[in-house]
Amino acid sequence: MTRLPLILALACLLAACDQNMDQQPRYSGYSRVPLFRGSVLRPPPANTIARDDLAREKSAGSKPALTPELLARGRQRFGIFCSPCHGAGGDGTGIIVQRGMPRPTSYHDDRLLAADDQHFFDVITNGYGAMYSYAARVPPADRWAIVAYIRALQLSRHASLDDVPADERSKLETSP
Ligand code: HEC
């Protein structure tokens, strides 16, 4: 009888040795750990470059030629990544803004009409004020496609009949 506590203690100790793959220690991403004096997710060391970054940024410099395919791609990517806040027409009244996000300047504002393509590209790459960067989600080629589509959106409200090719003009004039 006097041995019972000893046996129990031994049983507990042996149970603790049974740490197999069913039960592994784990941390969730933002847990703080003494080893790092911070969260488990470590920021990349200063001045390091991820493997694909250089190739990505190299392609950022070359603005592609304007083609219907580029515009179609830009329209699709804009619909996915930008319209939730900027709205389908670029007025800044997307669904997220209706739910409380600060309203961005309309793309049809005089300042943004006058801004060059690079400004739009840079906003997507680096973010702007309350808007975060889309560099990780939108590769450079798609950023240029989106910029081209934003230009088309802007033009759509400022075009005159003279901008329409002559053979298409008659269609507009005769349509009801
Ligand atoms: C989650 C909401 C949100 C999304 C998604 C978003 N933006 Fe924005 N954007 C904003 C807000 C908010 C501002 C205004 C920021 C400020 O002035 O502080 C802004 C500002 C801008 C501006 C204006 C910069 C200026 O000079 O005033 C441009 C251009 C822009 N965004 C482009 C884009 C493009 C292109 C995309 C898609 C790749 C995009 N945004 C996606 C919220 C968003």
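The model is predicted, with local features needing pLDDT of at least 70 and side-chain atom pairs counting only at pLDDT 80 or more, while totals for chains, interfaces and linings use all residues. Residues are numbered from 1 along each chain as its sequence is written, and side-chain values use heavy atoms, leaving out hydrogens and water.

**Two packed helices**

Helices here are DSSP runs (H or I, at least four residues), numbered from the N terminus. Helix α3 (residues 68-81) packs against helix α8 (residues 140-156) at an angle of about 90 degrees, and their axes, lines fitted to C-alpha atoms over the stretch in contact, lie 7 Å apart. Because angles of 65 to 115 degrees count as roughly perpendicular, α3 and α8 are described in that way. The contact (heavy atoms within 4.5 Å) involves, among others, Gly74, Arg77 and Phe78 of α3 and Ile146 of α8.

**The nonpolar core**

A nonpolar core is a set of buried Ala, Val, Leu, Ile, Met, Phe, Trp, Tyr and Cys residues joined through side-chain atoms within 4.5 Å. The largest one has 18 residues, and Phe78, Tyr107, Phe120 and Ile146 have the most contacts inside it. Helix α8 gives the most to this core, with six residues. Leaving aside residues up to four places away in sequence, Ile146 touches Gly74, Arg77, Phe78, Cys82, Ile124 and Val138.

Buried means under 20% relative accessible area (1.4 Å probe, protein chains only).

| Residue | Relative accessibility and class |
|---|---|
| Cys82 | 12%, buried |
| Cys85 | 17%, buried |

With a disulfide taken as a pair of cysteine sulfur atoms within 2.5 Å, the count comes to zero.

Conventions: Buried means under 20% relative accessible area, exposed over 50%, partly exposed in between (1.4 Å probe, protein chains only). Axes are lines fitted to C-alpha atoms, for helices over the stretch in contact, and angles run from 0 to 180 degrees between N-to-C directions. Angles under 35 degrees count as roughly parallel, over 145 as roughly antiparallel, 65 to 115 as roughly perpendicular and the rest as oblique.
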